[in-house]
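Student: I would like to learn how to read a strand in a protein model. Could you walk me through one?

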Amino acid sequence: MNNSFISITVSCASRQEARKIVNRLLAKKLVACANIVSGIESKFWWKAKIDSAKEVLIVMKTRRSNFKKIETEVKKMHSYEVPEIIAIPIIAGSKDYLDWISRTVV
């Protein structure tokens, strides 16, 4: 596999915010698919103290070459000062699924 595909995670403050981000990225054909997972409890360091939040996690599949465009779009719409936007390489996957991603995104 040539590592040309990635999975991107973005945590959001609400399902509404997650849907807004996903809808924009799908409309622009920057991602082929997005899973919106509710019920996430996050614990993290913020402004020199441990904090926590109820969040919604987006998991998106796309081409690696789309990362910068996706990052730019997410930052425009996201409510967080420093949103999580993390890409993980897809090191293996069903050929049919990866071909579908390739055909679906720009």
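Student: Which way do the residues of β1 point, and are they buried or exposed?

Tutor: In a regular strand, side chains alternate between the two faces of the sheet. Here Phe-5, Ser-7, Thr-9 and Ser-11 point one way from β1, while Ile-6, Ile-8, Val-10 and Cys-12 point the other way, and all are buried. Buried means under 20% relative accessible area, exposed over 50%, and partly exposed in between (1.4 Å probe, protein chains only). Strands are DSSP runs of E, at least two residues long, and helices are runs of H or I, at least four, numbered from the N terminus.

Student: What should I know about the model itself?

Tutor: This is a predicted model: local features need pLDDT of at least 70, side-chain atom pairs count only at pLDDT 80 or more, and totals for chains, interfaces and linings use all residues. Residues are numbered from 1 along each chain as its sequence is written, and side-chain values use heavy atoms, leaving out hydrogens and water.

Student: Which strand does β1 join by 8 bridges?

Tutor: Two strands pair if DSSP finds at least two bridges between them. β1 runs antiparallel to β3 (residues 49-63), with 8 bridges, and Ser-7 stands opposite Lys-61 there. β1 also pairs with β4 in the antiparallel sense, over 4 bridges; Ile-8 has Ala-87 as its bridge partner in β4.

Student: Where is Ile-90?

Tutor: Look in the loop between β4 (86-89) and α3 (95-104). Ile-90 counts as buried because its relative accessibility is 15%. Ile-90 and Ile-6 are 84 residues apart in sequence, yet 5.0 Å apart in space, C-alpha to C-alpha.
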